Amino acid sequence: FIQQVLLDAKPKTFADLLQISGLTHGTDVWLGNAQDLIKEGICDISQVIGTRDGIMLDLIRYGLENALSFKIMESVRKGKGLTPEWEAEMLAHGVPDWYIWSCKKIKYMFPKAHAAAYVMSAIRLAWYKIYRPKEFYAAYLSVAPNGFDAAVVGGGLTAIGHKLDEIAEKEKKKEATANDGAQHAVLLLVREAILRGIRFLPIDLYKSDAKYFLPEEEGIRMPFLSLAGLGD
């Protein structure tokens with residue numbers, strides 16, 4: 001879902017990413033709302049309503065009174081919409097029709113500070129993913145190894161591709177289990193790492209840890225717990 005939002009919104013700045021964080025944590029803010037406005041070319045990611053604070057600040061910029069702008073923001077972010085009087089006031093101050101339409105669709109909105117905290121975390125993670133990829137994937141898989149199967153990964157891109165196709169087929173037939181979902185997510189990440197030139201090294205009696213994926217010069221050493229069926 002988030003990947004599709006990024007493709008549709010084409011963010012260019014930190015502020016755009018902040019908008020996306022708000023849009024993807026709200027209800028009826030992106031789907032059937034901001035997404036349509038962007039696709040139709042009415043506005044871009046920087047102009048749509050992304051966070052609750054944005055509504056108040058936008059309305060103040062249009063010339064509405066501070067107290068009224070706050071009141072409208074509080075009503076919209078709780079999903080209570082606009083009164084006819086507020087709508088008339090907004091139109092009188094030149095607020096565009098699309099903006100008013102968007103306000104009426106919203107059911108819940110994220111606060112800007114919360115969105116900013118999320119994006120700051122994401123930027124930190126992204127830095128490691130770009131500049132310290134081996135350590136990033138090793139740390140990620142050590143923390144969230146659910147679905148990782150050393151036998152599949154050891155077979156390289158071909159085996160991973162077959163497994164992903166198998167899971168996709170199960171999903172089509174509505175037969176996929178929770179483990180299939182976990183495996184799908186982790187195999188996509190592993191495939192990405194391999195395509196970036198990172199090797200997953202086989203389990204070694206002397207070099208592998210019990211549960212941690214270890215970055216080595218030649219790649220990432222798989223732990224004993226990455227063997228299917230081997231418990232703590």
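The tour goes from a pocket to a glutamine and then to some aromatic rings.

This is a predicted model, in which local features need pLDDT of at least 70, side-chain atom pairs count only at pLDDT 80 or more, and totals for chains, interfaces and linings use all residues. Residues are numbered from 1 along each chain as its sequence is written, and side-chain values use heavy atoms, with hydrogens and water left out.

Select Ile2, Gln3, Leu6, Ala122 and Lys129, which lie nearest the centre of the largest pocket among its 28 lining residues. Helix α8 gives the largest share of this lining, nine residues. (A pocket is an open set of points on a 1 Å grid over the protein atoms alone, where a 1.4 Å probe fits, with protein on both sides within 12 Å along at least five of seven lines; lining residues have an atom within 4 Å of a point. Helices are DSSP runs of H or I with at least four residues, numbered from the N terminus.)

Next select Gln19, in helix α2, which is buried at a relative accessible area of 11% (buried means under 20%, exposed over 50%, partly exposed in between, with a 1.4 Å probe and protein chains only). The side chain of Gln19 reaches the backbone oxygen of Val48 at 2.8 Å.

Finally, select Phe136 and Tyr140, four residues apart in helix α9. Their rings form a tilted aromatic pair, 6.1 Å centre to centre with 35 degrees between the planes (ring centres of Phe, Tyr and Trp, for Trp the six-membered ring, lie within 6.5 Å; planes under 30 degrees apart count as stacked, over 60 as edge-to-face and the rest as tilted). Phe136 is buried at 11% relative accessibility, whereas Tyr140 is partly exposed at 41%.

Key. Helices (H or I, at least four residues) and strands (E, at least two) are DSSP runs, numbered from the N terminus. A polar contact is a pair of N or O atoms within 3.5 Å; within protein, one must be able to donate a hydrogen and the other to accept it, and residues adjacent in sequence count only if both atoms are side-chain atoms.
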